[in-house]
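Subject: Structure handover

Hello,

Here is the structure for you to take over. My notes on what I found in it follow below.

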Amino acid sequence: MSGVPPISPQGSVEARFLASARRLVPPVRGVALVVISAFGLLAVSDESLPLGFALFGLVLMGAGVDCWAGFTGRGAVLSLVFAVLRVAAVCGTQEWTGGPLNLWALNMLTTTAITLQLEWPPSVAVPVTSGLLTVDLIAVDLTAVGTDIVGTLLPRLVFECLLARLGFVLLRQSARRVDELRERRSALARAEAASLARHRQEREYLALLHDTAASTFLLVTGQAKESDPEQVAEYARHDLAVLTGTAGGATAQDSTVDLTAALHTVVGRGQLAVDVRAEDTPLVPASVALAFVRVVREALVNVERHAEVGTAVLSVRGEGERVIVEVADRGVGFHPDEMTRSRRGIRSSVVERMVAVGGSATITSRPGAGATVRLVWSGE
């Protein structure tokens, strides 16, 4: 049965979102800190330029580690170590690079703290952020900057980190919701596919039932006096073999088979003499051959039981990619247009079986002129 496979955790939207965050956040942080440090270096006094360049070199080295970790998916812990070292170094030396609570140190601290919320779980991000804030406050001379400025820094940093964490959680929940909707849609598709498969099996069983037991019962009830008990018993044995599967069924793999040879298997099973006329030996998929075999068997059974003749002609030929099979007799004939929808022999056992494999079936007949069943498969 074909169906839609369930979504694997590795292929889920949530998993791809987390993987994208781990891959993109470190390089973005590294590049952002390089830009911040470049502007911060411009504010460093001439006397502190050697220290400023040393800090800038550390920032460049950390950016390289961030890019390597993001592009390769390895070295996440090393990237975290460099993130801590950069902020600690810039914050610890801010007294010489522009005074306490300068923009270089402040922007380095907030950028690192925000990106950590998108890259690491709270069990890692919260302690690391708290440690970086502690380092920054230790390096600040509170008597010089005042407690009001420090009181502003702490709420700002906490708010920015909470906002980043909230955004990350909302995006992750949205991705998880998409996965749930996709899984639900996949489950519905699988259920629909299973329902269609069951429906096809039921229709095939009903058609098979008509080809076998129902036709035999009809013969017994309609022609009870003329029926040969041995012939009826042979029909019943054959019907039982087909219904129980001992007579063979569909192949497990749709390999190519010789259609003419396959049709020979249904010739000569009853009292009907069949003249097989094969202009060539078309090769068709096994499922198509099975449909031809079952339809031809039904057509021959109808000739034997209803046409009141002892012979029929089975012709097989190929026209390019098309395959044409005809079963003809010179029996009593009938009016195909007068066949009611309750007669499953033509509608299900013949027409629908050919349509199911991409073919078509037409029945031409008139009283006194016999009947011809023409089966065509286009090769698609």
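Arginine 322 and glutamate 319 form a salt bridge through their side chains, at 2.8 Å from N to O. This is a predicted model, so please read what follows with that in mind. Arginine 322 has a relative accessibility of 33% and counts as partly exposed. Glutamate 319 is also in the partly exposed class, at 37%.

A further salt bridge pairs the side chains of glutamate 326 and arginine 374, with 3.1 Å between N and O. Because glutamate 326 sits in strand E5 and arginine 374 in strand E7, this pair ties together parts of the chain 48 residues apart in sequence. Arginine 374 is partly exposed, with a relative accessible area of 28%.

The count of salt bridges comes to eleven. One of them joins arginine 86 to aspartate 66, whose closest N and O atoms are 2.9 Å apart. Arginine 86 belongs to helix H3 (residues 76–92) and aspartate 66 to helix H2 (residues 49–72), so the bridge ties together parts that are 20 residues apart in sequence. Are the two partners buried or exposed? Arginine 86 is buried, at 0% relative accessibility. Aspartate 66 is buried as well, with a relative accessible area of 0%. Both residues belong to a network of salt bridges that links Arg29, Asp66, Arg86 and Glu119.

Now the nonpolar cores. The largest has 32 residues, and those touching the most other members are Leu259, Leu263, Phe292, Val296, Leu300, Val325 and Leu375. At least two residues of this core come from each of helix H9 (259–264), helix H10 (286–306), strand E4 (311–319), strand E5 (322–329), helix H11 (344–356), strand E6 (359–365) and strand E7 (371–377). The most comes from H10, which gives ten residues. Valine 296, one of the residues with the most core contacts, touches Leu263, Val266, Leu314, Val325, Val327 and Leu375, leaving aside residues up to four places away in sequence. Another core, of 27 residues, lies apart from this one and has Val34, Val44, Leu55 and Leu80 among its members.

Next, the aromatic residues. How many aromatic pairs does the count come to? The count is one. Phenylalanine 17 and phenylalanine 168 make up the pair, with ring centres 5.6 Å apart and planes at 35°, so the arrangement is tilted. The pair links distant parts of the chain, since phenylalanine 17 is in helix H1 (residues 13–42) and phenylalanine 168 in helix H7 (residues 147–222), 151 residues apart. Phenylalanine 17 has a relative accessible area of 21%, which means that it falls in the partly exposed class. Phenylalanine 168, at 11%, is buried.

Phenylalanine 168 also turns up among the contacts of glutamine 117. Glutamine 117 lies in helix H4 (residues 103–119). Why does glutamine 117 count as buried? Its relative accessibility is 5%, and buried means under 20%. Not counting residues up to four places away in sequence, glutamine 117 touches Ala125, Thr129, Cys161, Ala164, Arg165 and Phe168.

Regards

Conventions
Residues numbered from 1 in each chain as written. Predicted model: local features only at pLDDT ≥ 70, side-chain atom pairs only at ≥ 80, totals over all residues. Heavy atoms only, no water. Core = buried A, V, L, I, M, F, W, Y, C linked by side-chain atoms within 4.5 Å. Buried < 20%, exposed > 50% of the residue type's maximum accessible area, 1.4 Å probe, protein only. Helix = DSSP H or I, 4+ residues; strand = E, 2+ residues; numbered from the N terminus. Contact = heavy atoms within 4.5 Å. Phe/Tyr/Trp six-rings, centres within 6.5 Å; stacked < 30°, edge-to-face > 60°. Salt bridge = Lys/Arg side-chain N within 4 Å of Asp/Glu carboxyl O.
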